[in-house]
Amino acid sequence: MNSVLKSNLEFLRNSFKRESSVFGLPKALNSLVNVFELNQPNFSGFLVKPPERKTIVITTEGQVKPKAPQYIRVPENILDFPLEAVVHLLKHEFIHVEQRNRSNYTASRAVREFEAYYRGIYDNNSPIPCPENLKAQFRNSLLKYYHQMSESEKAVHAVKFHESQRLKS
Ligand SMILES: [Zn+2]
């Protein structure tokens, strides 16, 4: 990542942190969602859980049903992590938010996760690149969820799977 982008991200992260300390974390994360254009019509807000030390675990909560409200639960220290990772982890959850709003959507968990991790690596319309260590993590998750698929699901996703497991994306 170039140094201009890095200092801009640090500037942004500090401004979200200031917003969080005055108006609360959900409000600051809503600003982040607007800046990075992550929003979905069925997204209903952020929920906060206790801080995490090493990795960030973010979850989407709500029914898999069109128009059902979806909430994203984040650790309260999320803004202490590098912003580029936070943005891409949130992007992953917003893919789940969008999936749950699809009509007649019956994909298994393995297929839903596979789609979200695959797009995390290969959807390159984000203004900031996905960090390499996160891409490596996403690749491992693709491996894990591919192996949880049924044989017919594997057949549908085999090409993407093999593409993702080559060394470089
Ligand atoms: Zn996921």
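Trainee: How many of the 18 residues of α3 are buried?
Mentor: 13 of them are buried, so α3 is largely enclosed by the rest of the structure. Keep in mind that this is a predicted model.

Trainee: Noted. What does α3 span, end to end?
Mentor: Helix α3 runs over residues 83–100 and reaches 26 Å from its first C-alpha to its last. That is close to the 26 Å expected at 1.5 Å a residue.

Trainee: And at what angle do α3 and α4 pack?
Mentor: The angle is about 140°, and the axes are 9 Å apart.

Trainee: OK, what about the loop between α3 and α4? Which residue there has a positive phi?
Mentor: Look at Asn104, which lies in that loop. Its phi is near 50°, a positive value in a residue other than glycine.

Trainee: Is Asn104 buried or exposed?
Mentor: Asn104 counts as exposed, with 5 C-beta neighbours inside 10 Å.

Trainee: What about Ser108?
Mentor: Ser108 lies in the loop between α3 and α4 as well. Ser108 is partly exposed, with 13 other C-beta atoms within 10 Å.

Trainee: How far apart are Ser108 and Ser150 in space?
Mentor: They are 9.4 Å apart, C-alpha to C-alpha, while 42 residues apart in sequence.

Trainee: Switching topic: what is the phi of Glu37?
Mentor: It is near 50°, again a positive value in a residue other than glycine. Glu37 sits in the loop between α2 and β1, the strand at 43–49. Glu37 is exposed, with 11 other C-beta atoms within 10 Å.

Trainee: Which residues make the contact?
Mentor: On the α1 side, Phe16, Glu19, Ser20 and Phe23; on the α2 side, Leu25, Lys27, Ala28, Ser31 and Leu32. That contact of α1 with α2 divides into 5 nonpolar, 2 polar and 2 charged residues.

Trainee: One more pair: how do α5 and α6 run?
Mentor: Helix α5 (residues 132–148) and helix α6 (residues 151–165) have axes that come within 10 Å and cross at roughly 155°. They are therefore roughly antiparallel to each other.

Trainee: Left-handed or right-handed for α5 passing α6?
Mentor: Left-handed. The contact is made by Arg139, Leu142, Leu143 and Tyr146 of α5 with Lys154, His157, Phe161, Ser164 and Gln165 of α6.

Trainee: How do those residues divide by type?
Mentor: In the contact of α5 with α6 there are 4 nonpolar, 3 polar and 2 charged residues.

Conventions: Residues numbered from 1 in each chain as written. Predicted model: local features only at pLDDT ≥ 70, side-chain atom pairs only at ≥ 80, totals over all residues. Helix = DSSP H or I, 4+ residues; strand = E, 2+ residues; numbered from the N terminus. Expected span 1.5 Å × (residues − 1). Buried ≥ 20, exposed ≤ 12 C-beta atoms within 10 Å, placed from the backbone. Axes fitted to C-alpha atoms, helices over the stretch in contact; angles between N-to-C directions. Parallel < 35°, antiparallel > 145°, perpendicular 65-115°, else oblique. Left-handed = near helix turned anticlockwise from the far one by under 90°. Contact = placed C-beta atoms within 7 Å. Nonpolar A, V, L, I, M, F, W, Y, C, P; charged D, E, K, R; others polar.
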